[in-house]
Amino acid sequence: QKSTIDADTMAAASLKSILWVGILAMACAFTPVRHAPKGRLHCERFSIGLDMVPKFDQRSARWEPQTDEDRPQSGYGLLGSLLRQGPLPFFQRVTSGDNYDQAVLKVMASEGLDRNEGQGNMDAYLNNPNDWAMIKLQEKETGEKYDFVNVNMNPKQIGLTITWACIVFAIVGRIIYVAATGGAPEYLYDITS
């Protein structure tokens, strides 16, 4: 008699759990959709434990990654920031990497982005906040998502960027050399030889 009651109680509890998950899933169907990365389920009103975006820890007052995909090692490196958005985000990552990482985790949590998308957004914001805000407004108006992850990653664009960087560094290096040594060598001015 007792084992039959326990089995009936367990079956009823399981059925209730399944019904609640179904009700929450149906409720999510009628709320605004927030585009989340593949493999993440998100609903504006309810979170049923499947949304694994970074969480804010009240005790340490820090954003904490919830999965290995949210950790800094899973994103792109310093060179990726330099190639995508230029020197400003690169130097920000070098000089205050922890603040940069906390900002990326916050963007990931608030926008429902993966690590690379969070870094792409943060790099674009650090490079030019006004342009980033304009792009975000256009995303809301048109519904099309801007690809911050692959911006400036075309091989032709990378080649042009590296070529221009070499030219600029050569000119700046020459100016610094001439200023440090007190002028250009005399043989450069001798037109009789």
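Helices here are DSSP runs of H or I with at least four residues, strands are runs of E with at least two, and both are numbered from the N terminus. The model is predicted, so local features need pLDDT of at least 70 and side-chain atom pairs count only at pLDDT 80 or more, while totals for chains, interfaces and linings use all residues. Residues are numbered from 1 along each chain as its sequence is written, and side-chain values use heavy atoms, with hydrogens and water left out.

Q: In which helix is Q102 found, and is Q102 buried or exposed?
A: Q102 belongs to helix α4. A residue is called buried under 20% relative accessible area, exposed over 50% and partly exposed in between, with a 1.4 Å probe and protein chains only. Because its relative accessibility is 13%, Q102 counts as buried. The helix is therefore α4, and the class is buried.

Q: Which residues does Q102 touch, not counting residues up to four places away in sequence?
A: Contact is taken as heavy atoms within 4.5 Å. With residues up to four places away in sequence not counted, the partners of Q102 are R62 and W63.

Q: How far apart are the end C-alpha atoms of helix α4?
A: The expected span of a helix is 1.5 Å times one less than its number of residues. Helix α4 has 15 residues, 97–111, and so should span 21 Å. The distance between its end C-alpha atoms agrees with this, at 21 Å.

Q: What covers the buried residues of α4?
A: The buried residues of α4 are Y100, D101, Q102, V104, L105, V107, M108 and A109. The elements that cover these buried residues include β2 (62–64), α2 (78–85), α3 (87–95) and α5 (115–127).

Q: Why do the buried residues of α6 line one face of the helix, and what do they pack against?
A: In α6, the residues that are buried are I135, K136 and E139. Seen down the axis of α6, these buried residues fall within an arc of 100 degrees, so they line one face of the helix; the arc is that of the directions from the helix axis to the C-beta atoms. On the other side of α6, N130, K140 and E141 are exposed. The buried residues of α6 pack against α4 and α5.

Q: Why is the pair of Y146 and F148 edge-to-face, rather than stacked?
A: Rings of Phe, Tyr and Trp (its six-membered ring) pair if their centres lie within 6.5 Å, and planes under 30 degrees apart count as stacked, over 60 as edge-to-face and the rest as tilted. A search of the whole structure finds 4 aromatic pairs. In the pair of Y146 and F148, the ring centres are 4.7 Å apart and the planes are at 65 degrees, so the pair is edge-to-face.

Q: Where does N152 lie, and what is its phi?
A: N152 lies in the loop between α6 and α7 (155–181). At 35% relative accessibility, N152 counts as partly exposed. Its phi is positive in a residue other than glycine, near 60 degrees.
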